[in-house]
Structure formats: structure tokens, C-alpha cells
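Trainee: I have not looked at this structure before. Can we go through its salt bridges and the residues that form them?

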Amino acid sequence: MALERLFLRIAALALVTVTALALPARAQDADGSGWKLCNRTSYIIETAVGHSQGTGISVDGWTKLPPGTCKIALPGPLTPGLHYLYGRGSTAHQGGGREWGGQTELCVDPTGGFSLESPPDCAAMGLEAQGFRPVDITRADSWTNNFTEIENWSLTDARNAGLQRLLDEAGIVSGTVDGYIGNRTRSAINDFLKLKGLAADTSDADLIDYLEQAAEERSRSVGFTLCNRTKNRVWSAIARRSTEGWESRGWWRIEAGGCARVIDRPLRGSEHFVYAEMEEPTGLRTLSRASEAFCVGRAKFAISGRDKCEESSYRSALFARTPAPTERKLVYEFFERDFTQASADDE
């Protein structure tokens with residue numbers, strides 16, 4: 001079942017955003033030499049690329065792409081053939097982790113910049129497996145891939161939309177993310193520059209960096225984080241009561257020793273629930289002290305309601321109640337002792 005879920009991962013789908021994010025299959029660009037990546041979204045994206053080298057695949061990361069920018073991720077000349085691409089949203093962004101990728105698992109170092117030949121066992125090397133998207137590059141001189149949203153942003157509109165999003169996430173001003181810098185947005189930018197003691201002519205690139213730092217600092221003080229304290233991979237989901245009723249969301253894949261920030265906003269209410277499946281060679285183990293039924297999907301999901309799951313092509317699973325949040329923040333840790341023994345018929 002875990003393998004099935006892995007291959008059903010949906011590239012570029014944010015867990016709690018209302019817009020689907022997509023990565024075009026490929027696009028050529030005659031300017032520049034090498035593999036160029038362009039960010040036409042309103043999110044800061046960190047990218048990793050893979051290419052064949054000898055008998056293995058060499059993976060390099062992270063290339064940081066602020067909204068509305070392009071960078072060469074792999075200098076030319078290029079070797080035509082399959083390459084691999086993965087992107088992750090900055091931790092400054094609210095609403096859960098965003099990923100742009102596919103089904104080819106390669107190793108990355110989640111903690112910082114890296115260049116490595118992807119080994120067969122990521123965890124044994126202290127690395128993390130992520131799903132990359134194959135890109136068939138057919139030119140040796142130049143190639144361009146664009147990260148996009150549903151909105152067909154130009155690079156300029158993407159940069160403006162990115163500023164609007166970060167102003168909201170840094171707590172400066174809330175408003176529509178539409179790529180248009182009006183008087184309200186300009187006033188908010190000026191207020192932020194004065195607050196930080198920055199020059200009025202600070203460049204957009206520097207402003208985005210400062211806003212990212214402010215948004216990250218703000219997000220650390222609130223939200224919901226799940227941590228895996230076992231020696232195995234854990235697939236996790238959460239449930240809670242929203243303004244529109246009960247909802248459940250998943251899946252977050254958490255490697256051994258890792259954490260996933262599943263809600264980046266202040267927690268409302270006191271009732272939160274978690275579900276988890278821990279992978280072992282003998283099968284899956286679920287939480288032992290779980291009694292609250294919610295719906296879960298096979299791939300990533302966001303489900304309203306908790307009844308008649310099977311009628312909606314979902315399945316019902318038992319979630320465990322968490323402690324109440326403290327100061328609008330909650331950290332929940334999964335330990336091996338929290339899981340049942342694997343059953344013989346688990347796949």
C-alpha cells in the first residue's frame with residue numbers, strides 16, 4: 001500500500017492551498033547556455049536537479065529561485081537525454097510544504113547545499129528521498145523549464161505576486177495576490193522598510209530576502225508540526241474542525257528523524273487528531289491508541305466531512321487525539337512505541 005501511495009504522488013500540489021500548481025513538461029530557450037529554471041509562481045522555490053554521470057545519477061541542490069527569476073541550474077554544454085527536476089517551497093510560506101516533482105526517487109540533503117551521486121539507500125547516508133520529475137532534454141546548448149501556477153504569470157507579475165504573498169505571511173498586510181502592485185501594497189512595503197531600518201531604494205531581490213526572513217520568524221511561533229522519532233519512514237495525516245466542519249488532510253511523508261510543518265498559521269480550537277502509518281519490511285504499523293474515524297485518500301488529499309468515506313471513494317481510518325495546543329502551537333512526535341505490530345497480510 002505504501003508503494004502504491006508513493007507512485008500516486010501528485011507533483012506540484014500544495015496540501016492546503018486552493019490552487020493546483022503545475023510544472024510544464026519542457027520548454028526551450030535560445031538565450032543562455034545550460035539548463036535554465038524560471039520561477040513564474042508567487043512562491044520562493046528551492047530546486048535540485050539530477051543528470052546521468054557514469055553509471056549513476058549526480059544530484060545537485062539547492063538553487064534558490066525567488067518569484068520572477070531565472071537561474072542556470074546546470075551549466076552547458078548539456079548531454080541530451082533524461083534529466084531530473086525537483087522543487088520545494090520555502091519554509092517561509094504558510095499552508096504546508098509545497099513540492100514540484102514526480103515519481104523518480106533520488107537522494108537529497110534537506111539541510112543545505114549539496115552535490116552527490118544518489119546512493120540506493122538515502123537514509124543510511126543521512127539523506128532524504130524525494131520524488132523527481134524526468135525531463136527529456138534534447139538540446140546540448142540550452143534548455144528552460146518553468147515552474148508555474150494556475151495563473152499564467154509573466155516574470156514581472158510573478159515577482160509582484162511573490163512580494164504580495166510574503167507581505168501577508170510576514171504579517172505586514174493581507175490582501176489579494178494578483179501580481180499588481182497598487183497603492184496599498186506600496187504603502188505596506190514602505191512600512192516594512194521603515195520597520196527594519198532599510199533604505200527606500202532597497203531592490204526587489206533584497207526586499208524578498210528580508211520578507212522571507214520575517215515570514216520564517218513569524219511562522220516558528222505558531223502552527224502544527226509532526227516529528228518522526230522512529231527509525232523508519234512514516235506517512236502522516238491530520239484532522240481537525242475547521243470553520244466549515246470536520247476536515248482531514250494528508251499525506252506528509254516524514255523520514256526517520258525528520259519533521260513536517262503541516263499548519264503554519266495559529267491553531268484555532270483545541271481538537272486536533274493525527275494518523276500515521278510506519279513502514280517496515282514486514283508491513284505497515286498504525287497508531288495503537290487511535291479511536292476517532294476520519295476519511296483518508298490514496299494520494300494526497302484534503303477531505304471535508306468524516307462520514308460515508310467509502311461512498312466518496314475514500315477509506316476510513318482511526319486517528320489519535322493530540323494534546324491541546326499551547327499558545328496556538330502544537331508539536332506532535334511519533335515514537336515506535338506508539339504503533340501496533342505489523343499484521344501478516346499488510347502489503
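Trainee: Are K300 and E99 buried or exposed?

Mentor: This is a predicted model, where local features need pLDDT of at least 70, side-chain atom pairs count only at pLDDT 80 or more, and totals for chains, interfaces and linings use all residues. Residues are numbered from 1 along each chain as its sequence is written, and side-chain values use heavy atoms, with hydrogens and water left out. Buried means under 20% relative accessible area, exposed over 50%, and partly exposed in between (1.4 Å probe, protein chains only). K300 and E99 are both buried.

Trainee: How many residues apart in sequence are the parts that K300 and E99 tie together?

Mentor: The two form a salt bridge, with the closest N and O atoms 3.0 Å apart; the term means a side-chain nitrogen of Lys or Arg within 4 Å of a carboxyl oxygen of Asp or Glu. Helices (H or I, at least four residues) and strands (E, at least two) are DSSP runs, numbered from the N terminus. K300 lies in the loop between strand 17 (292-296) and strand 18 (301-304) and E99 in strand 6 (residues 99-100), so the parts tied together are apart in sequence by 201 residues.

Trainee: Which residue forms a salt bridge with E105?

Mentor: E105 counts as partly exposed, at 30% relative accessibility. The closest N and O atoms of the pair are 2.6 Å apart, and the partner is R253.

Trainee: How many salt bridges does the structure hold?

Mentor: One of them joins the side chains of K64 and E212 (2.5 Å, N to O). The structure's total is 19.
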